[in-house]
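Dear colleague,

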Amino acid sequence: MVEEKLNLRLAGGKEAPSKARASLKLLNGSLGELRSPVELLVSEIVTNSVVHGDTDHDSSFELRLRAARDRVRVEVADAGSGFSPPPELPEPGQEGKFGLFLIDQLADRWGVDEDRSTVWFEIDR
């Protein structure tokens, strides 16, 4: 398998999650069996960027993806002030932060970079 990288700057706003998902089609099949969970989690962290990072249609965010033989890593960075993950994630049915719950359940690792405006996750193959 060939390693593929995707580095994009996309406009924010309510269409941003669907644009981010559509951009994954630029990859040449390297997501394989991880396509569905990666698409879902990309949607979640881009939605968080739009809602909490004030990434509207007049601003942008960066989507970086690296599909390697052993894992897929995704990063979404925006110009927002960032955040610290809550000490406890909500359970299904609770309001708010459910996207972080999904990331926690589906990704093997995830976090927030020191600049606090980049959220990343990794899924092992």
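**Sheet and helix packing**

In this predicted model, strand β3 (residues 71-77) and strand β5 (residues 118-124) pair in the antiparallel sense over seven bridges, where strands are DSSP runs of E with at least two residues, helices are runs of H or I with at least four, both numbered from the N terminus, and pairing requires that DSSP finds at least two bridges between two strands. Within this pairing, R73 has E122 of β5 as its bridge partner.

Both strands belong to an open sheet of five strands, ordered β1-β2-β3-β5-β4 with antiparallel pairing. Its edge strands, each pairing on one side only, are β1 (4-11) and β4 (109-112), and the twist averages 10° from one strand to the next. Helix α1 (residues 16-23) packs on the sheet, where it touches β1 and β2 (60-67) (contact meaning heavy atoms within 4.5 Å), and its direction makes about 155° with that of β1; axes are lines fitted to C-alpha atoms, for helices over the stretch in contact, and angles run from 0 to 180 degrees between N-to-C directions.

Turning to the other helices, the axes of α2 (residues 35-52) and α3 (residues 98-106) come within 9 Å and cross at roughly 145°. At this contact, L40, L41, E44, I45 and N48 of α2 meet G99, L100, L102, I103 and L106 of α3.

Residues are numbered from 1 along each chain as its sequence is written. Local features need pLDDT of at least 70, side-chain atom pairs count only at pLDDT 80 or more, totals for chains, interfaces and linings use all residues, and side-chain values use heavy atoms, with hydrogens and water left out.

Best regards
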